[in-house]
Amino acid sequence: MEKVKEYLLRADSKMPGIDFHFCDNQAVDSILGYYSDHAKQEGIPFLAQIDIPENFAGDEMDICLVLSNLLENAIEASLKTEDSRRKIVIKMYLHHTHILLIQAENNFDAKILEKNGVFQSTKHSGNGIGIQSIRHITERNGGASSFTYKDGEFMAKIMIRI
């Protein structure tokens, strides 16, 4: 198995870089491209299933903030996770024409700190900002968010009205 891994690493290093294209919306595609490249550099498998048109009624800035926070957290958690368990899966699509659904999953090995329903930061003492920001954006847009973790898997489900 080690020889197979070495062979694949050598083969991968000889392959030219590939620009990934996830969807037709340039802002969302840029965020996904940045984080997928970051994940690849860190050896984190990254799977994205995205069905977003070039133009949609939602606030692109809000959507990009939500995606950035989700993916930043997923990468940070993955870096603290055993290599063989690392993964990030992001799914995003429009439900009818006015509801955007996002689901993000990643594995984790570190302890998740939560106090009174608020996730605590792993970077500093006190509340974490990323998930609180996501909750604020979804509520402001008439949506909802849920964050669950069990058996080493973290899952975020986001619904935003657009």
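The following paragraphs walk through a predicted model, from its overall layout to a few individual residues.

The model is predicted, and local features are reported only at pLDDT of at least 70, side-chain atom pairs only at pLDDT 80 or more, while totals for chains, interfaces and linings use all residues. Residues are numbered from 1 along each chain as its sequence is written, and side-chain values use heavy atoms, with hydrogens and water left out.

The chain has four helices and seven strands; here helices (H or I, at least four residues) and strands (E, at least two) are DSSP runs, numbered from the N terminus. Followed along the sequence, these elements come in the pattern α-α-β-α-β-β-β-β-α-β-β. Of the 162 residues, 39% count as buried, where buried means under 20% relative accessible area, exposed over 50%, and partly exposed in between (1.4 Å probe, protein chains only). The chain exposes about 9900 Å², and carbon and sulfur atoms supply 52% of this area; accessible areas come from the Shrake-Rupley method with a 1.4 Å probe, and for residues only the protein chains shown count as cover. Contact means heavy atoms within 4.5 Å. Among contacts between residues at least 6 apart in sequence, 62% join residues at least 24 apart.

Apart from residues up to four places away in sequence, Asn25 touches Ile52, Pro53, Glu54, Phe56 and Glu60. Two of these partners also take part in polar contacts, a term for a pair of N or O atoms within 3.5 Å; within protein, one must be able to donate a hydrogen and the other to accept it, and residues adjacent in sequence count only if both atoms are side-chain atoms. The side chain of Asn25 reaches the backbone oxygen of Glu54 at 2.9 Å, and a polar contact of 2.7 Å joins the side chains of Asn25 and Glu60.

Glu60 leads on to helix 3 (residues 60–79). At the start of helix 3, a side-chain oxygen of Asp59 reaches to within 2.9 Å of the backbone nitrogen of Met61. The expected span of a helix is 1.5 Å times one less than its number of residues, so the 20 residues of helix 3 should span 28 Å, which agrees with the 28 Å between its end C-alpha atoms. Helix 3 is mostly covered, with 14 of its 20 residues buried. Ser68 has its place in this helix and counts as buried at 17% relative accessibility. Leaving aside neighbours within four places in sequence, Ser68 is in contact with Ile31 and Tyr35.

Helix 4 (residues 130–140) has Gly130, Ile131, Ile134, Arg135, Ile137 and Thr138 as its buried residues. They lie on the same side of helix 4, because they cover an arc of only 165° around the axis, the arc being that of the directions from the helix axis to the C-beta atoms. Just after helix 4, Gly142 takes a positive phi of about 70°.

Most residues other than glycine have a negative phi. His96, in the loop between strand 2 (88–95) and strand 3 (99–107), has a positive phi near 55° and is exposed, with a relative accessible area of 60%. Asp151, in the loop between strand 6 (144–150) and strand 7 (153–161), has a positive phi of about 50° and counts as exposed at 72% relative accessibility.

Strand 3 holds Asn106, which counts as buried at 5% relative accessibility. Beyond its neighbours within four places in sequence, the contacts of Asn106 include Ala74, Ala77 and Ser78, along with Gly152, Glu153 and Phe154.

Finally, the structure holds zero disulfides, a disulfide being a pair of cysteine sulfur atoms within 2.5 Å. The sulfur of Cys23 is 9.1 Å from the closest cysteine sulfur, in Cys64, which is too far for a bond. Both cysteines count as buried, Cys23 at 5% relative accessibility and Cys64 at 10%.
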